[in-house]
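Here is a note for a colleague who is opening this structure for the first time. Please read the points below with the sequence and the 3D view at hand.

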Amino acid sequence: MANATAIIVSASLLGMVWALFQFVLVSRIPVRSEGISDSTGLVSGSNDEATTRRLNEIYTAIYEGAESFLRAEYAICAWFILVFSIIILLLVTWGTSDWARGLFTALSFVLGACTSILSGYLGMKVAVYSNVRTTVSAQKSGWTLCFNTAFRAGAVMGFALCGLGIFMLYISLLAFRIHYPDPEQWIYLTECLTGYGLGGSSIAMFGRVGGGIYTKAADVGADLVGKVVHGIPEDDPRNPATIADNVGDNVGDVAGMGSDLFGSFAEATCAALVLGSSIGMSGGWDAMVFPVTVSAVGIFVCLICSFIATDIKPVKKESDVEMALKVQLISTTILMIPAVWLASVTFLPGEFQLRATVGLDVVTLHPWQATLCVVMGAVGGLTIGLITEYYTSHSYRPVRELADSCKTGAATNMIYGIALGYKSAIIPVLVLAVVIYGSFAIADMYGVSLAAIGFLSNLATGLTIDVYGPVCDNAGGIAEMAELDPYVREKTDALDAAGNTTAAIGKGFAIGSAALVSLALFGAFVTRIRHASNDALFQDGVNMLQPITFAFLIIGGMIPFAFAALTMKSVGVAAMEMVMEVQRQFDEKPHLLDANPTERPDYDACIAISTKASLKEMIPPGAMVIFTPLLTGILFGVYAVSGLLVGSLIAAVQLAVSMSNSGGAWDNAKKYIEKASPDSDLKGKGSDVHKAAVVGDTVGDPFKDTSGPALNIVMKLMAVLSLVFADTFYAVKGGAGFFQL
């Protein structure tokens, strides 16, 4: 009979090997410009030397810009890791009176942070390496090659991150088990591992916020001066901010997003392990690590389903692109159902016990209940994703109504877009409510954590699709800057349009999973406080009508709005600098706007502005999220932290959904107008209707790519940080806090 360790380790190694294989397939495509031909292969035929040189120049400029930013960002993160690991070591040791637990928690924090950095950096390298090859592939006739190139680039990131994340987490578990060999001690083992989730989420915060500010400052600056004022196309090589914009796609949409989803996986697993640590006493090691087994099984499922897009039903025409990506999400979700059931009956005993989160009861569970919780999460995630698609794709009525609103100007576009975002939150929140109630009723708070694992069970596929979008976006930008034939840009735009929709679906998954992860982490926090206080606190749950709890419930609800305000303003400040720099260059070099200019813009000046602004502006929002729960717990106690976490969770979910969907809808409304002919109602590209849509898209950029996605991390990071320092909070006057209010 197979044991869980064999499945988990083999799945993680397979994920990394498969990622390497996908990278080799992409690397076989040479960076060489060639005309369209059915008979000419990629490795033979004529070679346009001037265009090839230009492609390599652009590729090198994007690579160097992304590399320099990430090096600067990760240098700051390295200092943060060093300082905060010492804080963890000292505070956890003081709170638990156990140097081993303090040391192991600090080590797992460092490991999680370094894995998150490696994930983001790897994603950036692969995306930059692949985008120019997608451009070259788009020069060929047909759609299969260019789609497969971008899809495989995403698969490198998806499978490498999942394989690496599972491997590092499980090796840490096995190492800590040497010190905690008895099942009664495994609760300490899982508590030490919570540092892994905190490390991943901390770096994700800086990656998402820093990368988001970088990419949107460049994007907004390039759009306002280039498209709105001077009427030049997007990614036109005459625009000084265009290289910075393409760099931003890699550092924000790929590196930042990769760190974010790695953090979700790490935190969901840590929460499930803490909540299910008592299972080990009745079910053994394999039963306790069941959440990790589910993630490992997900790698096998995602790998099998990836063949549908590249080999079984390859993309042969434009209309196939969006369907191919959607089929990936649907097929992996469907196949996960029997796979999880098989894993549960194999690795869980026929009956096992779990301590209830609230009260003194012992809950008796069976494999079918664990399976049902995971399946509820997976299906709930898919439902939220498809609802997100309905509100953000121009194939459906909401975005088409939004496009129509541009006929009367930017103001009505803004009103419609904000209303669309608010309305789009209704069904996802109801779905989350059903999943939370159902999973809790079936298997207590452990069921909620399994539902969160279910949301992320097809993470390799979700990441593949998420990275696919920025790669296609960059490929189109490179085609425009290299002045390739217009049909190349049309093809990459079609690939990117599908990527935009599926990216919105991915954000829906991420937000939904973040909500469940945060709730599961809150449950783990309550469990840990009960353990630390020998059931003196939280035995009967959290009473929200206690004055200190309710007061901090209101404060917690304010945190996401304060965070969104800081990040939105940061984009605005950086974008203003970018606008002034771009306009300065146009004023000093008026010939840049000629149809065939003889001089090149100063791209480096714009890259420097985005880098400096993002590194400076990412500190305040990150510090607010990290230090708010830490100071609340130490000064005001565990009841105040409970209110803070619940308030921030409730507000962040609604705000994240509405901001992400408003931004996605504005973007696709603009693309829908661009596809219209000049004699239609929408007038097409360059018209006043289009200019109104560009304003909406510009406002929506920080909504969907900076503040909205980063709100996922706000709720997760505050919850996991409270979990890590739970014993420290209890050690301050029995959990009452320094002020004992």
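Which residues lie nearest the centre of the largest cavity? The points below begin with the basis of the values and then take up that question.

1. Basis. This is a predicted model, in which local features need pLDDT of at least 70 and side-chain atom pairs count only at pLDDT 80 or more, while totals for chains, interfaces and linings use all residues. Residues are numbered from 1 along each chain as its sequence is written, and side-chain values use heavy atoms, with hydrogens and water left out.

2. The largest cavity. Leu459, Gly462, Asp466, Gly506 and Phe509 lie nearest its centre, among the 14 residues that line the largest cavity. A cavity is a set of points, on a 1 Å grid over the protein atoms alone, where a 1.4 Å probe fits but cannot get out, and lining residues have an atom within 4 Å of a point. The volume of the largest cavity is about 140 Å³, a volume being the space filled by probe spheres set on the points, with grid points joined across faces, edges and corners. Helix 15 (459-481) and helix 16 each supply at least two residues of this lining, and the largest share, five residues, comes from helix 16. Helices (H or I, at least four residues) and strands (E, at least two) are DSSP runs, numbered from the N terminus. By class the lining of the largest cavity has nine nonpolar residues, four polar and one charged, where Ala, Val, Leu, Ile, Met, Phe, Trp, Tyr, Cys and Pro count as nonpolar, Asp, Glu, Lys and Arg as charged, and the others, Gly among them, as polar.

3. The second largest cavity. The lining of the second largest cavity has eight nonpolar, four polar and no charged residues.

4. The second largest pocket. A pocket is an open set of points with protein on both sides within 12 Å along at least five of seven lines. The second largest pocket holds about 320 Å³ of space and is lined by 20 residues, with Arg355, Ala356, Thr527, Arg530 and Asp535 nearest its centre. Helix 16 gives the most to this lining, with three residues, and the lining divides into eight nonpolar, seven polar and five charged residues.

5. Helix 3. The 40 residues of helix 3 (residues 99-138) should span 58 Å at 1.5 Å a residue, and the end C-alpha atoms are 58 Å apart, which agrees; the expected span is 1.5 Å times one less than the number of residues. Asp98 caps the N-terminal end of helix 3, with a side-chain oxygen 3.0 Å from the backbone nitrogen of Ala100.

6. Backbone angles to check. Most residues other than glycine have a negative phi. Asn534, however, has a positive phi of about 50 degrees; Asn534 is in the loop between helix 16 and helix 17 (547-588) and is exposed, with a relative accessible area of 70%. Lys733 has a positive phi of about 55 degrees, and at 43% relative accessibility Lys733 counts as partly exposed.

Technical notes
A polar contact is a pair of N or O atoms within 3.5 Å; within protein, one must be able to donate a hydrogen and the other to accept it, and residues adjacent in sequence count only if both atoms are side-chain atoms. Buried means under 20% relative accessible area, exposed over 50%, partly exposed in between (1.4 Å probe, protein chains only).
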